[in-house]
Amino acid sequence: MQSLLNKKIVLGISGGIAAYKTPELARLLMQEGASVQVVMTEAAQQFVTPVTMQALTGNPVFTSQWDSSVANNMAHIELSRSADAIFIAPTSADLMAKLSLGLADDLLSTLCLARGCSLLLAPAMNKQMWEHAATQRSVERLEKDGIALLGPASGFQACGEVGMGRMLEPAEIAEQVVAFFQKKTLRGKKVMITAGPTFETIDPVRGITNHSSGKMGFAIAKAALEAGADVHLIAGPCNLPTPLETTGKIIRTNVVSAKEMHAAALSAADCDVFLAVAAVADWGIAKPSKNKIKRQGNTAPNIEFIANPDILLGVAKTVKAKAGKPYPYCVGFAAESTDLEKHADEKRKRKGVPMIVGNIGPDTFGSDLNQLLVIDDRGSKKLAKAEKLHLARQLIQLIAKNI
Ligand code: C5P
């Protein structure tokens, strides 16, 4: 799935050592389907050459305001007129200051001033430069002007110092650019999601779990963030990176057992939407052993189970009782081996939630693909087989409509 299909991005590069990462970024944007037109400042060319960027993007690189190859000799107007967004990575402290004041003394700054599209900046500089009052004034002005700043991050810097000012990694930037272009239907909303399996401890080396990979829940978390929500992701044991972590809009709580997931969910239940995507163990172990249970010939141990709390039911009930209304909007998931629609709708009614999403087919665990059946009180809607992120985006739009 290409998330930037038909998007035209002017990729600006200013003078900073982080420019060595920009060729990789250009490739990632193009892999998502964007067409990339590079514009470089004079200083940027000290760090990466126009030839490199031309070879990667397949487009000639613009470096001068006075380019006679542009028909009307107005490259700044031509380039910004056709762009969906201008994105500058790295953006130096000097360029941030210029843009915050509306100065336009070279091609890149002029085309930013002449633009009719969005402007996104990925700042990159030494930590002293970033912390300087003048740069912080630029940040404030740029944000007031509706310009999006992606990063910077904290960490090791080329100058040998450690601190705030590093450019985000190309993959993180590309994710944020993709997110920028998604519909902001959940802006200002709080979304809680449980994801992954749970693990019920038998003894220090054994336990009971299931095949859930967490991919669907994590994809939904990403789609909710892309739609502008603040997300609290409560994850069972799964080895997945936190989506869009560098936006600072996601909190992740890692849990192991269903009991822990239940406690975490109840304490975060003050939200607008709750999606219970986790495959929660129905039973826990009554008395987990402190020491490893030794094998005793061919005699199997007697392990006593206890029923685990139903997290979805718990959140739906607690908040209903508190607020006197069915809030947050609770969404359950169902994996059934027979009669999906019938069982899923029964589950929706039994749990008293407005929406249930059924996983169609047996091959969803661990896969990047899925197909869903979304059931609410208006009926059911099938979301055809696609990448989980694509389905997650469709699901988030349906939920946004319902709330
Ligand atoms: O009852 P069942 O497990 O079939 O329902 C599945 C839905 O309920 C899923 O949304 C799952 O996350 C949620 N669930 C839960 N707590 C449990 C069991 C299931 O939140 N203990």
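Where does Ser92 lie?

Modeller: The model is predicted, so local features need pLDDT of at least 70 and side-chain atom pairs count only at pLDDT 80 or more, while totals for chains, interfaces and linings use all residues. Residues are numbered from 1 along each chain as its sequence is written, and side-chain values use heavy atoms, with hydrogens and water left out.

Ser92 lies in the loop between strand S3 (85-91) and helix H4 (93-101); helices (H or I, at least four residues) and strands (E, at least two) are DSSP runs, numbered from the N terminus. With a relative accessible area of 12%, Ser92 is buried (under 20% relative accessible area, 1.4 Å probe, protein chains only). Beyond its neighbours within four places in sequence, Ser92 is in contact with Ser14, Gly15, Ala124 and Met125 (heavy atoms within 4.5 Å).

Turning to the ligand, the residues around it include Ala276, Pro309, Asp310, Phe333 and Lys347 (one heavy atom within 4 Å). Helix H11 (311-323), strand S16 (329-335) and helix H12 (340-351) each supply at least two residues of this shell. A backbone N or O atom of Ile311 lies 2.9 Å from a ligand nitrogen atom, and a backbone N or O atom of Leu312 lies 2.8 Å from a ligand oxygen atom. From Lys351, a polar side-chain atom lies 2.9 Å from an oxygen atom of the ligand. Taken alone, the ligand exposes 450 Å², of which the protein buries 85% (Shrake-Rupley method, 1.4 Å probe).

Conventions:
Buried < 20%, exposed > 50% of the residue type's maximum accessible area, 1.4 Å probe, protein only. Polar contact = N/O pair within 3.5 Å; in protein donor to acceptor, adjacent residues only side chain to side chain.
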